[in-house]
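Welcome, and please take a look at the model below.

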Amino acid sequence: MASEREIFSLSGPLYLTAIDWRNTDHRRSVAASLVQGVYILERDRQQNRQFPNALAPPWWEFFHFHLIQVLVDNEDQSYFGAIYEYKFPNSHFHYKTIKDIQNRNQNPPKYVIAFRGTIAKKGNRSQDFKLDLGLIRNNLHNSSRFHIGMQAIQKIVQNHEVSGISLAGHSLGSSIALLIGRDMVKMGIHLESYLFNPPFTSLPIEKFIKNEKLKHGIRFAHSVLTAGLAVAVNNHRPMPQKQQSTHDPFTLLSAWVPYLFLNPSDPICAEYVGYFEHRDKMVAIGTGEIGRLATKNSIRSIIANARGKDQSEPSHLLPSAFVNINLSPSPDFKRAHGIHQWWKPDLQCNSKLYQFR
């Protein structure tokens, strides 16, 4: 039997009858709903719910999107992603002028590629938990989900205007979207990205330590240690400022500004709050260079590189982001981490742009 949360007419953002694509709250709510559509697609598959009993279609049809492709995991045949195409309700939609492209936030995205997170139910938990472990070990980029998603997005990018393409993901799915977004930046392509409750693979200091001075002290000590190790193993080689943008992947990545949606009561993503706030504090107290080194390195990656192991860049470290923090009360983990919070009409958010310089 379906839960209330799966049924759009009971738990979806029905208030969005007229979407203003210039409204960031509306864009966030639609992106979250499309991610929910992927979750329900997989639940429909598991429960063998087919037309007209399938529950997933309203989650995208309500916003005039069509499902054009389902992304299937090679390991367990589960649905982990979906590609949606926007169909303008009154006419064929396309970006007509350069001005339209430059002001893309005034228009709906032409394509949205969305990824679900972990489903802790029979039939999904084995593969999903395996990928969660891969995320912690920083080798999610070796998974079939990443490669399938990357191939699908590259195909769309090759045939359509980049300005009309968006990424969206929740939890594990946001990590996949984040990895893909980072790799696309290396190709000179910046995709609009909505990352809901993205995992931060570090100790959740922000969630479990309430004393602000203690939190800052722990983070300051960690920054000093990370920066010191980076210099000691030559992970950071000083070079002329002019060359940094062409040699330093982190600096190249700084021009990409994904939207992060965080809940400080969620231990999985809460550390992003402290990660960005700490950078500002390091600059404020005159230790910006230490902060910059610590921002772009992780102790695990430094040690792995020093030992000659092939270690991917830590995907959770971001130079720039538009950070949105849910200030509404979250009584339990399920609500703090869930996707449903992000389309609530009474959502209270604090938003701030962070840019790496």
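## A covered strand

Strand β5 (residues 192-196) is mostly covered, with 5 of its 5 residues buried. Here buried means under 20% relative accessible area, against over 50% for exposed and in between for partly exposed (1.4 Å probe, protein chains only). Helices (H or I, at least four residues) and strands (E, at least two) are DSSP runs, numbered from the N terminus. From β5, E192, Y194 and F196 point one way, while S193 and L195 point the other way, and all are buried.

This is a predicted model, in which local features need pLDDT of at least 70 and side-chain atom pairs count only at pLDDT 80 or more, while totals for chains, interfaces and linings use all residues. Residues are numbered from 1 along each chain as its sequence is written, and side-chain values use heavy atoms, with hydrogens and water left out.

## Its neighbours

Two strands pair if DSSP finds at least two bridges between them. Strand β4 (residues 165-170) pairs with β5 in the parallel sense over 5 bridges, and G169 has L195 in β5 as its bridge partner. Strand β6 (residues 259-262) also pairs with β5 in the parallel sense, over 3 bridges; there Y194 stands opposite Y259.

## Aromatic rings

The structure holds 23 aromatic pairs. Rings of Phe, Tyr and Trp (its six-membered ring) pair if their centres lie within 6.5 Å; planes under 30 degrees apart count as stacked, over 60 as edge-to-face and the rest as tilted. The F8 and F63 rings make an edge-to-face pair, because their centres are 6.1 Å apart and their planes are at 85°. F8 lies in helix α1 (residues 8-11) and F63 in the loop between α3 (58-61) and β1 (65-72), so this pair ties together parts that are 55 residues apart in sequence. F8 counts as buried at 5% relative accessibility, and F63 does at 0%.

Y194 and Y259 are stacked, because their ring centres are 5.1 Å apart and their planes are at 5°. With Y194 in β5 and Y259 in β6, the pair ties together parts that are 65 residues apart in sequence. Y194, F196, Y259, F261, F322 and W342 form one aromatic cluster.

## Nonpolar cores

A nonpolar core is a set of buried Ala, Val, Leu, Ile, Met, Phe, Trp, Tyr and Cys residues joined through side-chain atoms within 4.5 Å. The largest has 47 residues, of which I113, F115, I153, I180, Y272 and F276 touch the most other members. Helix α7 (residues 172-186) gives the most to this core, with 8 residues.
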